[in-house]
Amino acid sequence: MLAAHLPALQVVIPLMAAPLCAIFRRGYLGWLIAVAANWFAFAAAILLVFRVLEEGTISYAMGGWVPPIGIEYRVDIINVFVLLVVTGVGSVIIPFARAGTAARFNNTDQAWFYTMYLLALTGLLGVTITGDAFNIFVFLEISSLASYVMIAMGRDRRALTAAYQYLIMGTIGATFIVLGVGMLWAMTGTLNLADLAERIPEVSDTRPVLVALAFLTVGISLKLALFPLHLWLPNAYAYAPAVASAFLAGTATKVAIYLFVRIFYTVFGGSGFFSTTPLPEMFLVLSVVAMFAASVVAVFQDDVKRMFAYSSVAQIGFITLGISFVTEAGLTAAMVHLFNHAIMKAGIFLMLGAIMFRLASVQIDDLAGIGRKMPITMAGIVILGLGLLGVPGTSGFISKWWLVLAALENGHWWLVALIVLASLVTMLYVGRVVEVAYFREPSAKVAVMREAPASMLIPAYVLVLATIYFGLETNWSVGLAEQAAAKLMSAVY
Amino acid sequence: MNEFLADLNYWVTIFLLVGGLYIITAHGNMVKKLVGLAIFQSSVYLLFISPGKILGGTAPIIAPGFDVYSNPLPHVLILTAIVVGVATIALGLAIVVRIHEAYGTIEDDEVHDLEAD
Amino acid sequence: MRDTVILRVVVKVLLPAILMFALYVQFHGEYGPGGGFQAGVAAAAAVILYGMVFGIAEARKVVPRSIVNTMIPLGVLIFAGTGVVSILLGENYLDYTPLGSKPAKGQHLGILVVEFGVFVTVASTMLAIFYVFGGRADEADEKAKNEEGGE
């Protein structure tokens with residue numbers, strides 16, 4: 001009976017769990033609720049994948065109001081893939097949270113933290129699953145507001161300014177998105193995404209639609225931290241609690257990227273904007289600049305969390321590069337890298353969280369010799385770092401491989417050289433961490449340290465193993481990504 | 001002039017939009033930035049509400065004697081957007097209070113200087 | 001301001017009217033302009049007005065913070081729970097039709113319950129914002145006083 005309601009349950013389970021955490025206000029209970037809700041949501045996403053593979057697109061009418069009048073939850077191969085990534089990464093991260101939050105917060109604050117986590121999850125899943133343009137804005141703001149709170153709960157006072165900066169930038173981005181949606185609604189009279197895709201071609205040469213496209217482009221680019229709109233991201237990831245950094249790096253920008261392809265391919269794809277506007281070229285240039293500029297800045301960061309935050313901006317550049325090709329191969333590369341990068345970056349931030357838990361610092365000078373005292377944690381960082389680099393045998397290689405294939409298909413030989421070069425810059429900052437951790441004498445502080453607790457290492461290692469597994473066995477990640485890419489391209493004329 | 005008046009709502013929308021953005025970028029005071037943000041967001045409310053009004057239309061409740069109704073959809077949407085706006089501003093102000101407690105100032109550049117130390 | 005007799009008397013006369021108006025807006029919401037959001041703000045405004053004239057400490061005696069903090073999630077739970085009830089009754093999420101004997105009755109009941117959930121959350125959230133912002137200075141003063149005394 002419940003199977004028919006899976007699209008609603010996907011969002012409702014974390015939504016119901018969030019107030020439960022806030023009512024009981026007990027840290028341990030809140031954690032249990034959060035873990036249970038997240039795992040249920042993951043199970044729902046897996047079941048949805050199978051249903052979509054079997055039956056194709058599922059449409060769920062909220063409140064029984066038939067779309068396009070009512071709000072529709074529309075699950076197709078594209079967003080079910082993203083749902084899987086978001087819930088999957090979340091279910092691995094949240095067990096990690098217990099030790100760190102219990103050590104830092106009192107019972108009430110712990111419960112609020114889990115409430116915010118669940119609300120952020122609700123919002124991200126809602127953005128992904130909904131087929132209604134205004135609903136996207138509402139869920140986007142739910143997840144953003146919850147993430148501002150999570151970031152502000154970081155241990156450094158700079159977390160507060162990071163959260164404030166993110167709040168301002170994020171709200172501008174969301175308001176731009178809703179402005180774009182408003183203009184589209186005024187021109188077409190509908191908010192349903194599928195309906196919009198049908199009606200936009202009739203009015204595609206009017207100026208409001210073009211302005212709407214511009215607002216949506218800037219708004220979503222702010223949310224996904226596309227260079228040069230990424231300024232909020234490094235501080236937000238660097239000073240947020242480890243769980244929040246890992247969760248946001250693994251899911252929030254990924255959902256924004258999903259939104260990007262959904263709006264540009266599914267909604268605007270049929271209106272010829274890829275050939276009449278210089279959008280693809282613009283994104284190509286910005287992506288390449290992001291790949292290099294952010295990587296180079298990352299090399300010079302002394303805060304390792306901040307270093308990998310900049311690395312996120314660079315990796316997002318790789319993803320948008322694939323999107324900018326407007327080919328099936330490019331989109332496959334983007335979707336595969338979305339999947340792989342979510343796992344790798346979440347893993348790295350969890351490992352850094354484990355170090356933070358023991359050492360209370362992730363400044364690179366403090367990490368001297370940590371490879372000897374926390375060998376398991378550091379080994380994990382090295383493997384995930386190799387994944388970021390794109391070494392064969394890790395999932396990072398698969399995404400780079402597809403990206404290179406897509407570039408070749410378009411005849412961009414010079415881009416292949418740039419992709420390889422950007423990967424080499426990645427090696428510089430990963431190498432810097434490795435050098436400090438393994439080849440320097442431990443400082444007095446590091447010398448007395450112990451390995452991180454198992455409750456932290458196990459979730460982090462699940463992500464490490466996933467990085468290796470998806471580097472060898474690509475049926476799932478690439479298979480689903482290929483189908484999603486084909487579906488996206490089918491809407492483009 | 002009549003054309004200008006006919007589009008008055010949209011002129012005000014643009015004014016609020018640009019004015020709000022200007023305040024956000026031009027002022028260093030964090031509370032003033034939030035005020036700018038609120039103004040910026042209110043431009044959206046006007047943009048949505050404007051096309052929903054139909055001349056001579058009444059409240060969208062079916063009753064004998066009335067057959068022209070205003071579009072209720074934008075009101076519902078904007079009520080939601082206002083709630084989101086209120087939540088954002090409240091959260092922003094709460095963060096500013098905490099910033100004041102942690103840094104002793106809410107001026108952008110002063111906070112920046114303190115962070116650099 | 002607390003010594004102004006006129007203000008105190010006027011507020012005491014106004015409070016029941018404001019609360020009545022909130023309830024009117026609340027229960028009028030399903031067939032006319034109104035609803036839980038507006039009603040919640042009006043009800044919270046009554047308590048906030050009381051707190052502004054008689055002091056936040058007095059307002060907290062009327063509506064304690066612990067109750068407010070429980071009411072915020074409770075309202076969300078009522079709203080979201082209504083949808084789950086419709087799923088359990090075999091309809092789509094938030095489809096109120098099966099809640100009553102006739103579809104119209106079900107819709108009527110459903111929207112009332114949902115609006116009640118909205119009312120609870122909005123009223124308590126507004127109060128929580130007022131308490132937190134308004135009480136912050138008092139708490140800081142007290143803290144400073146305690147610290148001075150300790151030294």
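I started with chain B: among its contacts with a separation of 6 or more, 46% join residues 24 or more positions apart; two residues are in contact if their C-beta atoms, placed from the backbone, lie within 7 Å. A caution to myself: this is a predicted model, where local features need pLDDT of at least 70, side-chain atom pairs count only at pLDDT 80 or more, and totals for chains, interfaces and linings use all residues. Residues are numbered from 1 along each chain as its sequence is written, while chains are lettered from A and ligands numbered from 1 in the order in which they are written.

Next I looked up the secondary structure of chain B and found 5 helices and 0 strands (DSSP runs, numbered from the N terminus: helices are H or I with at least four residues, strands E with at least two). Its radius of gyration, taken over C-alpha atoms, is 20 Å, well over the 13 Å of the globule rule for 117 residues, so chain B is more spread out than a compact globule. That rule is 2.2 Å times the number of residues to the power 0.38. I also noted a C-alpha box of roughly 70 × 35 × 15 Å along the principal axes.

Then I turned to A:Phe137, which sits in helix α5 (residues 133-152) of chain A. A:Phe137 counts as buried because it has 27 C-beta neighbours inside 10 Å; the cut-off is 20 or more, with exposed at 12 or fewer and partly exposed in between. Beyond four places in sequence, I found A:Phe137 in contact with A:Ala174, A:Ile177, A:Val178 and A:Val181.
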